[in-house]
Structures are given as C-alpha cells and as structure tokens.
Amino acid sequence: MAPPSEEPTDGAVSPADYRTLCDLLRERTGLSFTEAKRYYVQRRLAERVEATRMPSVRDYLNLLRFQASGAEMQLLVNLMTVNETYFFREKYQLDCLVNGMLDEVVRHRRPGERVRLWSAGCATGEEPYSIAITLLERWPRVDEFQIELYASDIDSMALDRAREGVYGERSLQALPAELVERYFRPVAPGSWRIIDELRESVDFSLVNIVDPAQVRRFTGIDVVFCRNLLIYFDDLGRRNAAAMFHEALSPGGFVALGHSESMSRMSSLFVPRRFPDAILYQKPAEGAGA
Amino acid sequence: MGLVKAGSKGTLGTAPTGAAAPEDWTALLEHADAGHRRHAAQALGDRPDAAATLAARLPREPDPAVREALLTALVRIGSPEAAAGLAPMLASEDAGLRNGALESLQQMPVDAVEPQMDALAGSDDSDLRIFAVLLAARLGPAERSARLHQALERDPHVNVGLTAAEAVAELGDPAALPALEAFAARFPDDPCVAYTVDAARRRFRGAS
C-alpha cells in the first residue's frame, strides 16, 4: 500500500494511481491518456469510484484489475471514449469509396461475390450508416454484389445506440433533406430513427481492435474505415491496430484513416494510394511485396 | 443483392480457439505457414522471456507481416533484453529490417534502450552513430544533452553532427548553442552544416 500522504484529499488522483490507471487502460484497450488528459480522466474516474462505492481510488483500481467479468472496465471505457460524430463526416472518403475504390476492389470479382466493409471504431453508428447510404445512393454496381457491412467499437453503450439508430439534429446536420426523408423516420420532435432495412444491413459488434483474439474473426475485409480513432492510441497501440487491419484485409484491400492520421507513422505494411478524393492505404496485392 | 445482413449467414470467420499451448508458440515461429508464425509472434509478445527467441527469428523472417509482428512483440515486451535483441539489426544490410529496428527501439521505454547507447555511439560505423543520435533524442534531458553535444563537438563524421544539429534544433534548447557553434567551426566549408546551424540559431532566437 502507498503511504496515506499519497492519497489526495481534494478528489484528485495521486500521480502513482493516475499512472497505474493509464497503464491498465493502455494494456487492456490500447487507449492512451497522457498527463494532458488528467482532468478529463480524473472526472470520469471519480464518477465510477462513487458509483461503485469503492472506499478509495486504489480499491477501485484493484476492482478494475481483478474483476473476472471485466464489467467495470467496460463501464469505465464507455465513459472514456469520445463518440462525437455525425453523418457524412469527412465525406471526401465516402466520395472516394464510390468514385474509384470499390471499382478497384471488384475489378476481378464476378457478380454475386462478396464485398466486405468494416467501420472500426463506429461509435454511435453514423459512419457505417453513412457508408450504407452512400453505397445505395451513389455506387451504380451496388446490386451486383453481396455487400457485408461490419461495424465495431469498444464502447458497448455506443453500440447499443448504434443498433437503436435514433439520431438528433446535430448528427443529421450534414445530410441533405431528401436523404433524411428517404432513410429516416421521425420518432419525436428533433429525433429520427434510421429505417429498419438500413439498420439490419449493419452487423455491430463489441471489439477491441488491438486484441488479436477479437480481431481474428474479421477476415477477407476489402475496406476498413478507421477514422479519428487511432489518435487516442500510443505508438504501440497504433502499430498493433495497423497489424490487425493488415491481417483482416484481403490482398489489395484499403484502410481509410482520419485526415490528420498517416499510416506511414504506424506501419510499413501498407502502400499509400492517392485517389482523386482521398489518400488511402493499401495492403499490397499478393506477389506485389510490401 | 446489394447490402446484405453482414454475419447473418455466418460468413465471417470465427476466431481460432486453443491454437497452441504456450510452449508451442516458439516452435510455431518456425512454421512454414506465415499466418502461424504471425500468430506465434503476437502470442509471444506477452512473454518477456521470449525476447531473444523473437529477435533471433527476425533476420530470417521473409514475410513483411510476420516481421512487423515480431518487431511489435519486441516493443510490447519493451525490456532491456528486447532492445539488446534489436540493436544488432541496426547494422543489417536489409534497409527494411534496419528501419524497423530503429523505429521499434524509438518506441521502447528509455530504460530498455539506454544500455545499448554506449556501444552504438562508440561504433566505427557512422550509420550506427547516427542511429545512436536519433535514439539519444528520446533520453532524459541530461543524458540527451550530453550525448547530442558530444556528437556535435567531437564526432568526425559530418552526417552524425548534422543529425545531432537537427535533433537539438527540434528540441529547441538554447543551451546547445555553444556545441552547435563548435560543430560549425569544425566543418567551416560545408554549406549543409552552415545552413543547419543557421536554422538552429534562428529557431533558438525565436524560442528565447
């Protein structure tokens, strides 16, 4: 046990406990929180310490570490992740998807074959539903192939909301009115629910993308969207995630990252590809080398 | 066709279970199938005692994804043994392996890498001394300054000094100015040195 003097009395977390918590989160989830995020982390930690009625932060950390079910870790992770997003965010990559990327993916496929897309870090679902709407509206070959759309996140509450598919005005701000009318139904003032057909076209699952055991079931993926997620990871977490995507992708498959992210700083396994609308990262086709 | 319910037909793979007992992972590192080797490398990243085994496989590993998994596993272990296993790869003729080793060492804890620094900085090979400078930039302030200033003031190869000059400029520490001036004085006819030192001076003026 640490000496009592290390336990702050003003609700703050001691430097040692803060480091322990950050190490534990990094180890279990890949999420990286630096000293600059202390206030953000501390507030959410205090909330969970109080909710679990733990006598001290140290006791709460022990609960996190040793609870067999991992339920409390999941609740804390839910609080720590940022799920602020909206439909058609960074639309240029959706443009890229239907203006060239998918045509390249299916170049050697026969009609009826599968195309697999994965929204990794889908938060409350705006991204996978945006992908689905874009495909239906703008990819002329959408009916030629069996398109499977997977979406995952580490935040179980965000996934529940994604499955429910109810959104407010803020989420829909960038959607043209005719698309709202076509793909949503009003459920309350200022609140719309995405139509069942679209909701049922996305397979949502709880996945920690740096855990090989969880990611290994994703195989033969053609496009991974992982935008503005890896900025929350440290170098090792980003490197692990890049390796997981490489493993999940088919040869020639693509990764779309956020506008401020670059694969070149994470992994040498991908080749940057410049399309008219966006820069993507491609797993080399078989025989092409890395 | 079009959008189909993903996973509803059980089309996605299932994660393999019970793939191997821990003692078998080492043997799987030598398996003919690259997927098995990659999974073995990922699994051994949980075992600090596997650092030497992972490092030994690296120079013989032909598959880029397995090589990346080996390097990532060593970063994950992050021990002095893991760094010691990677350091010899800095002298490899294989540029991919060399760069992978450098990036991995840069991502390891400082305490793990520090024991390798003297040998790298004292090497006859100027490329290794450049790597030592790049790694030194991540050390604690006192150790970092000492190593970077020494490279500026004494290293006989201009490229080692230039790397150190860029590092101190990036760090923005005006205390490096005398060492930079000494570097400029040692290579008075090299325009690249003049340009780099001048850029650093301007940066320090902006910072002060």
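In chain A, helix α1 passes α3(A) in a left-handed crossing, where left-handed means that the near helix is turned anticlockwise from the far one by less than a right angle. This is a predicted model, in which local features need pLDDT of at least 70 and side-chain atom pairs count only at pLDDT 80 or more, while totals for chains, interfaces and linings use all residues. Residues are numbered from 1 along each chain as its sequence is written, chains are lettered from A in the order in which they are written, and side-chain values use heavy atoms, with hydrogens and water left out.

**The helix pair in chain A**

Select residues 15-29 of chain A for α1(A) and residues 57-66 of chain A for α3(A), whose axes come within 10 Å and cross at roughly 15°; helices here are DSSP runs (H or I, at least four residues) numbered from the N terminus, and axes are lines fitted to C-alpha atoms over the stretch in contact, with angles from 0 to 180 degrees between N-to-C directions. The crossing angle therefore makes α1(A) roughly parallel to α3(A), a term for angles under 35 degrees. Show side chains next: A:D17, A:T20, A:L21, A:L24 and A:R28 of α1(A) meet A:V57, A:R58, A:L61, A:L64 and A:R65 of α3(A), contact being heavy atoms within 4.5 Å. By class, this contact has 5 nonpolar, 1 polar and 4 charged residues.

**The domains of chain A**

Now colour chain A by its domain assignment, with domain 1 at 4-80 and domain 2 at 91-282. The C-alpha centres of these two domains of chain A lie 31 Å apart, and 9 residues of domain 1 are in contact with 10 residues of domain 2. Between them, the two domains of chain A bury about 870 Å², 52% of it on carbon and sulfur atoms; buried area is the accessible area (1.4 Å probe) that two parts lose on being put together, summed over both.

**The domains of chain B**

Moving to chain B, select domain 1 (25-108) and domain 2 (126-208). Here 8 residues of domain 1 of chain B are in contact with 5 residues of domain 2 of chain B, and the two bury about 610 Å² between them, 72% of it on carbon and sulfur atoms. Pick out B:L90, B:L102 and B:Q106, which supply 69% of the area that domain 1 of chain B buries against domain 2 of chain B, more than any other three residues.

**The helix pair in chain B**

Finally, select α9(B) (residues 141-154) and α11(B) (residues 177-186), whose axes come within 7 Å and cross at roughly 25°. α9(B) and α11(B) are therefore roughly parallel to each other.

Technical notes:
Helix = DSSP H or I, 4+ residues; strand = E, 2+ residues; numbered from the N terminus. Parallel < 35°, antiparallel > 145°, perpendicular 65-115°, else oblique. Domains from an automatic or database assignment. Nonpolar A, V, L, I, M, F, W, Y, C, P; charged D, E, K, R; others polar.
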